[in-house]
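Try each task before reading its solution.

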Amino acid sequence: VYIPLGGSKGGKWMNIRNVFIIFLVSGFWHGANWTFIAWGGVNALLFLPLLLSNRNRKNTGVISADRMLPSLREAFQIALTFTLVSITWIFFRADDLSSAIGYLQRILTTPFFESSLLAVVKPVKLLFIPLIFL
C-alpha cells in the first residue's frame, strides 16, 4: 500500500500523508473498531517527529554494537520507546475508546499501587519504572 501511494517519494506532506494512511490502514486491518484506528493514529503521531527530522532511517543497525551495554542515552531512548509503544497497546486491547481513555486517565491520576510504597509515585515518575526493570 505504501509504494502505490508514492512511498517516500514526493514532498514532505505527501510522505506524512502516506505514513498516516499506512498506520491507519494497519489499525483497520486488525479490526473494525475505533480502538484499532486510534492505535494506528497514535503510532503515526509517535512516528511523525522522526519523519519530520529525517531521522526515521538513522537507527536501523544494532544498538550498542561491540559493547556489553547501551550508553545511558541509548538506554533512555529504548525505555522511552518501550513506554510509548506500551501506551499505544492500551488502545489496541481496550474494548472501546472510552475504556482506553479511562484507563489512561487512571494511570495518570491514581497511585500506581495504592497499598504499597509505590503509592507515592507520581505520574511523571511512572515513566522511569521501565528503567528499574532494565
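**Exercise 1.** Find which residues Phe91 is in contact with, leaving aside its neighbours within four places in sequence.

*Solution.* Start by selecting Phe91 in this predicted model, then hide the neighbours within four places in sequence. What remains in contact with Phe91 is Thr35, Ala38, Trp39, Val42, Leu97, Ala100 and Leu104.

**Exercise 2.** Work out how α2 and α3 are oriented, and describe their contact.

*Solution.* Begin with the axes of α2 and α3, which come within 7 Å and cross at roughly 160°. Angles over 145 degrees count as roughly antiparallel, so α2 is roughly antiparallel to α3. The handedness of this crossing is right-handed. Now look at who touches whom: α2 brings Thr35, Phe36, Ala38, Trp39, Val42, Asn43 and Leu46, while α3 brings Leu84, Thr88, Trp89, Phe91 and Phe92. Sorted by class, the contact of α2 with α3 has nine nonpolar residues, three polar ones and no charged ones.

**Exercise 3.** Is Thr88 buried or exposed, and what is Thr88 in contact with beyond its neighbours within four places in sequence?

*Solution.* Locate Thr88 in helix α3. Its relative accessible area is 1%, and buried means under 20%, so Thr88 is buried. Leaving aside neighbours within four places in sequence, the contacts of Thr88 are Trp39, Val42, Asn43 and Leu46.

**Exercise 4.** Repeat the analysis of Exercise 3 for α1 and α2.

*Solution.* Take helix α1 (residues 12-30) and α2: their axes come within 8 Å and cross at roughly 150°. By the cut-off of over 145 degrees, α1 is therefore roughly antiparallel to α2. The crossing of α1 past α2 is right-handed. On the α1 side, the residues in contact include Lys12, Val19, Phe23 and His30. Among their counterparts in α2 are Phe36, Trp39, Asn43 and Leu52. To finish, count by class: the contact of α1 with α2 has 15 nonpolar, seven polar and one charged residues.

Definitions and conventions: Residues numbered from 1 in each chain as written. Predicted model: local features only at pLDDT ≥ 70, side-chain atom pairs only at ≥ 80, totals over all residues. Heavy atoms only, no water. Contact = heavy atoms within 4.5 Å. Axes fitted to C-alpha atoms, helices over the stretch in contact; angles between N-to-C directions. Helix = DSSP H or I, 4+ residues; strand = E, 2+ residues; numbered from the N terminus. Parallel < 35°, antiparallel > 145°, perpendicular 65-115°, else oblique. Left-handed = near helix turned anticlockwise from the far one by under 90°. Nonpolar A, V, L, I, M, F, W, Y, C, P; charged D, E, K, R; others polar. Buried < 20%, exposed > 50% of the residue type's maximum accessible area, 1.4 Å probe, protein only.
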